[in-house]
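Please look at the sequence and the model before reading on.

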Amino acid sequence: MYKNALKEDLIRVVEDLDGTVESTDTIAKLKTKIENSSTFESDPDFVKTLIQNCIDERVSRNETEVTLEKQKIELAKLQLAQLEKEVELQTAKNKALSLNPAAKVEENQFETNIENMINSIRTLSLPVPTRSVNFNLFFQSLERAFLTKKINDEYKSEILINLLGERAHNVLLYIKEEELNDYEKLKSLVLREFQLTLASV
């Protein structure tokens, strides 16, 4: 009856049976309280089920916490890897600029163009929805904006990630590095993350 039960499980059972738990209660004392309860005397099977339910809920809760912690670790690893790549890229840019100062002008122009595209698409498309059911309309408006502004495929993923902001974190956790520039792949992951299907778009 008590297999795999921890003290916290027994405390909860005693409380569920309207018993009183003292800070000095040992596991043996808690078991005695359970077995001496009126509920156990009248329906021991119910109490056995209650004990098992408490154990199962604790195990499930712990597994969920472990899963969330693993996801946080994976996200942190991904963010660190991205940061390292950004540092490498910036180092390479700095080296190139030291050899060719004129490239600085081209770099600034490129960054300005990207920012202009993002701002333009943000103006022409619907805001990022706060409810998952509205993501289909969001993508419809976004892709109309892409067509209107004649955005090249190579920029679509970057624009989408910028528009999503913090919402992109969960998606970036699952996407592979080589898929970051694949707009359709990124889109499908966003839809899946918010429990939508392409058929609903």
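## Basis of the model

The model is predicted: local features need pLDDT of at least 70, side-chain atom pairs count only at pLDDT 80 or more, and totals for chains, interfaces and linings use all residues. Residues are numbered from 1 along each chain as its sequence is written, and side-chain values use heavy atoms, with hydrogens and water left out.

## Helix H6

Helices here are DSSP runs (H or I, at least four residues), numbered from the N terminus.

Buried residues (under 20% relative accessible area, 1.4 Å probe, protein chains only) of H6 include Phe-135, Phe-139, Leu-142 and Phe-146. Just after H6, Lys-150 has a positive phi of about 55°.

## H6 and H7

The axes (lines fitted to C-alpha atoms over the stretch in contact, with angles from 0 to 180 degrees between N-to-C directions) of H6 and helix H7, residues 153-164, come within 12 Å and cross at roughly 135°. H6 is therefore oblique to H7; oblique covers angles left over when under 35 degrees is roughly parallel, over 145 roughly antiparallel and 65 to 115 roughly perpendicular.

## H1 and H2

The axes of helix H1 (residues 7-16) and helix H2 (residues 27-35) come within 10 Å and cross at roughly 30°. H1 is therefore roughly parallel to H2.

Key
Buried < 20%, exposed > 50% of the residue type's maximum accessible area, 1.4 Å probe, protein only. Helix = DSSP H or I, 4+ residues; strand = E, 2+ residues; numbered from the N terminus.
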